[in-house]
Amino acid sequence: MARERGPVVRRARGPVALELHCAAGPAWLCEADGEPFPCSVWRSLPMDDHLRGVLLAVFTLFLRPAIRDLRGQPDGPTPPEIVERFLWFLPISDEEARATALRYR
């Protein structure tokens with residue numbers, strides 16, 4: 001059976017297979033480029049309301065495990081910083097990030 005490919009995004013240098021740019025705990029680093037996840041490939045997607053809605057649904061699923069894995073690491077991000085990192089595509093204030101982090105702890 002052929003493996004189904006994930007979304008492909010066209011960028012100036014050609015297509016990028018987003019399924020290669022994934023990560024999981026405890027380090028939450030992109031498997032393709034080693035950047036903190038979500039990496040610059042995700043962050044450079046051309047944003048519109050539809051994509052923002054899809055990303056919100058998907059990336060909020062990462063918040064609880066990312067906060068669990070990353071908080072308390074030496075020189076690691078705080079829970080509000082993790083929220084801002086994973087929800088970069090939303091206009092979120094520091095206060096909103098703190099409140100969201102408390103909800104997902």
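How many helices and strands does the chain have? In this predicted model, the chain has 4 helices and 2 strands, and from the N terminus on these elements run in the order β-β-α-α-α-α. Of the 105 residues of the chain, 34% count as buried. Among the contacts in the chain with a separation of 6 or more, 42% are accounted for by residues 24 or more positions apart.

The largest nonpolar core comprises 23 residues, of which W28, F37, W42, F59, V83 and F86 touch the most other members. At least two residues of this core are supplied by each of α1 (40–43), α2 (49–70), α3 (79–86) and α4 (94–104), and the largest share, 6 residues, comes from α2. In soluble globular proteins, nonpolar side chains tend to be buried together. The surroundings of V83 can be listed in detail: when its neighbours within four places in sequence are left aside, V83 is in contact with L63, I67, I92, A97, T100 and A101.

Aromatic side chains were examined next. A search of the whole structure finds 12 aromatic pairs, one of which is formed by F37 and F59, whose rings are stacked at 5.8 Å centre to centre with 20 degrees between the planes. Because F37 lies in the loop between β2 (14–17) and α1 whereas F59 lies in helix α2, this pair ties together parts that are 22 residues apart in sequence. F37 is buried, with a relative accessible area of 3%, and F59 likewise counts as buried, at 1% relative accessibility. The rings of F59 and W88 also pair, and since their centres are 5.4 Å apart and their planes stand at 90 degrees, the arrangement is edge-to-face. With F59 in helix α2 and W88 in the loop between α3 and α4, this pair ties together parts that are 29 residues apart in sequence; both F59 and W88 are buried. F37, F59 and W88 belong to one aromatic cluster, which they form together with W28, W42, F62, F86 and F89.

Helix α3 is mostly covered, 6 of its 8 residues being buried, namely P79, P80, I82, V83, R85 and F86. These buried residues of α3 pack against α1, α2 and α4. In α4, the buried residues are A97, T100 and A101; they cover an arc of only 100 degrees around the axis, and therefore lie on the same side of α4. On the other side of this helix, E95, L102 and R103 are exposed.

H21 lies in the loop between β2 and α1 and is buried, with a relative accessible area of 10%. The side chain of H21 makes a polar contact with the side chain of D33, at 3.4 Å.

Side chains of opposite charge can pair when their charged atoms come close. A search of the whole structure finds 2 salt bridges. In one of them, R52 is joined to D49, with the closest N and O atoms 3.1 Å apart; R52 and D49 both lie in helix α2, 3 residues apart, which corresponds to about one turn of the helix. R52 is partly exposed, with a relative accessible area of 26%, whereas D49, at 67% relative accessibility, counts as exposed. A salt bridge is also formed by the side chains of R68 and D69, with a distance of 3.3 Å from N to O. R68 is exposed, with a relative accessible area of 54%, while D69 counts as buried, at 18% relative accessibility, given that the limit for burial is under 20%.

Note on methods
Residues are numbered from 1 along each chain as its sequence is written. This is a predicted model: local features need pLDDT of at least 70, side-chain atom pairs count only at pLDDT 80 or more; totals for chains, interfaces and linings use all residues. Side-chain values use heavy atoms; hydrogens and water are left out. A nonpolar core is a set of buried Ala, Val, Leu, Ile, Met, Phe, Trp, Tyr and Cys residues joined through side-chain atoms within 4.5 Å. Buried means under 20% relative accessible area, exposed over 50%, partly exposed in between (1.4 Å probe, protein chains only). Contact means heavy atoms within 4.5 Å. Rings of Phe, Tyr and Trp (its six-membered ring) pair if their centres lie within 6.5 Å; planes under 30 degrees apart count as stacked, over 60 as edge-to-face and the rest as tilted. The arc is that of the directions from the helix axis to the C-beta atoms. A polar contact is a pair of N or O atoms within 3.5 Å; within protein, one must be able to donate a hydrogen and the other to accept it, and residues adjacent in sequence count only if both atoms are side-chain atoms. A salt bridge is a side-chain nitrogen of Lys or Arg within 4 Å of a carboxyl oxygen of Asp or Glu.
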